[in-house]
Amino acid sequence: MQFSLFVHMERVTPQQDHAELYCETLELCQMADEGGFEAIWTGEHHGMDFTITPNPFITLADIANRTKHVRLGTGTIVAPFWHPIKLAGEAALADIVTGGRLELGIARGAYSFEYERLSPGLDAASAGAALREVVPAVKKLWQGDYAHNGKRWQFPKTTSSPKPVQSPHPPLWIAARDPDSHKFAVAEHCNVQVTPLWQGDDEVERLMQRFEDACAACPEVPRPQIMLLRHTHVGADEKAVEVGAQALSRFYCHFGAWFRNERPIDQGMIQPLSEGEMAKLDIFSPEKMRTNNVVGTPEDVILRLKNYETMGFDQYSLWIDNGMPLAEKRKSLRLFIDNVIPAFA
């Protein structure tokens, strides 16, 4: 099983400066590159100061100039926000700029806040149609001289300009949760990204079973790769582990509020949750975060990840955003590099 780093530049409070957070993210990426990680992933979100990643291609181009070894992936592009011609061309240029290191992850999206502003009328369910339309269109644009007449987009014969350097194209990944998304990904010869978010390993098992079912339904397709994305914090001792669990509890309380899309927003920041409000959210309690997410000492983390390896995951992505100071993220990542990765050599 290989390892990757997921960086979303997420903010829980307005006290975190944008430029400072970006510089911190670059430092963590360089640590991952030097520490033997396979890839770095970053996503796409708009108008939400919770996640300052409006265009992952820009971020990955910068990371490419500061790293030597890692693959560079979008985790993920939000399909309904991109015209196929625009996505094909920008992804191809990113592949050129990164020296053929691009991995293109695509999703349907999730936040109602973003749909309301960029694609009014869509929700997470209806956005799936955009995902299923854009993926084959982008592949055919890379081949060239392709005309499209779909439900969401229509255009005459067009060729992606430029074309990617990887042949036949950069590896494609689909963020999948429901069985139909898994089946679509496998049928389209795409790799699969899954995340249980705040849920436990029973959800991880369900997601893997959906992937296996999709592979069984397409026996003619070579088995693609599957990546598991989880919030991860490695602590040197019990106190450090508890601090990580508390940070993730605060993170997911705010994540849940963003997802519900019911709370007032000012200057891109959601109205802060009080300690009392967060205490009532038992599903995001520090105890649940420690049980459900990968939070523990190096020994704890190794045992958990060995289980994922046995399940059949090809890549484990360490989601490092948690609202903690850079020094704490750096300690956690260093423990992962020095103590966890060698157990999988």
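A salt bridge is a side-chain nitrogen of Lys or Arg within 4 Å of a carboxyl oxygen of Asp or Glu. By this rule, the structure holds 21 salt bridges. Keep in mind that the model is predicted.

**Stop 1: a pair inside one helix**

Select K86 and E90. Their side chains form a salt bridge, with the closest N and O atoms 2.6 Å apart. Side chains of opposite charge can pair when their charged atoms come close. Where do E90 and K86 sit relative to each other in helix α3? They are 4 residues apart, so about one helical turn separates them. E90 has 25% relative accessibility and counts as partly exposed. K86 counts as partly exposed too, at 45%.

**Stop 2: a pair between two helices**

Now select R250 and E275. A salt bridge joins their side chains, at 2.7 Å from N to O. R250 belongs to helix α8, and E275 to helix α9 (residues 275-279), so this pair ties together parts that are 25 residues apart in sequence. Is E275 buried or exposed? E275 is exposed, because its relative accessible area is 55% and the cut-off for exposed is over 50%. R250 has 34% and is partly exposed.

**Stop 3: one more pair, and a network**

Select D282 and K288. Here the salt bridge spans 2.9 Å, N to O. K288 is partly exposed, with a relative accessible area of 31%. D282 is partly exposed as well, at 46%.

Next, select R177, D202, E203 and R206 together. A network of salt bridges links these four residues.

**Stop 4: a nonpolar patch**

Go back to helix α3 (residues 84-97) and select L93, which lies in this helix. With L93, they form a nonpolar patch on the surface. Together the patch residues have about 320 Å² of accessible area. L93 itself counts as partly exposed, at 44% relative accessibility.

**Stop 5: the largest pocket**

Switch to a surface view. Rolling a probe the size of a water molecule over the atoms shows where empty space is left. The largest pocket has a volume of about 770 Å³. β3 gives the most, with 3 residues. By class, the lining has 18 nonpolar, 10 polar and 6 charged residues.

**Stop 6: the second largest pocket**

Select R250 again. R250 is one of the residues that line the second largest pocket. Others in this lining include E10, R11, V12, A247, N322 and K329. The volume of the second largest pocket is about 230 Å³. Its lining divides into 3 nonpolar, 5 polar and 4 charged residues.

**Stop 7: a closed cavity**

How many cavities of 30 Å³ or more does the whole structure have? The search finds 1. The largest cavity has a volume of about 50 Å³. Finish by colouring the lining by class: 5 nonpolar, 2 polar and 3 charged.

Notes: Residues are numbered from 1 along each chain as its sequence is written. This is a predicted model: local features need pLDDT of at least 70, side-chain atom pairs count only at pLDDT 80 or more; totals for chains, interfaces and linings use all residues. Side-chain values use heavy atoms; hydrogens and water are left out. On a 1 Å grid over the protein atoms alone, a cavity is a set of points where a 1.4 Å probe fits but cannot get out, and a pocket is an open set with protein on both sides within 12 Å along at least five of seven lines; lining residues have an atom within 4 Å of a point. Grid points are joined across faces, edges and corners, and a volume is the space filled by probe spheres set on the points. Ala, Val, Leu, Ile, Met, Phe, Trp, Tyr, Cys and Pro count as nonpolar, Asp, Glu, Lys and Arg as charged, and the others, Gly among them, as polar. Patches are made of residues with over 30% relative accessible area and no salt bridge: like charges are joined within 9 Å, nonpolar side chains (Val, Leu, Ile, Met, Phe, Trp, Tyr) within 5 Å. Accessible areas come from the Shrake-Rupley method with a 1.4 Å probe; for residues, only the protein chains shown count as cover. Buried means under 20% relative accessible area, exposed over 50%, partly exposed in between (1.4 Å probe, protein chains only).
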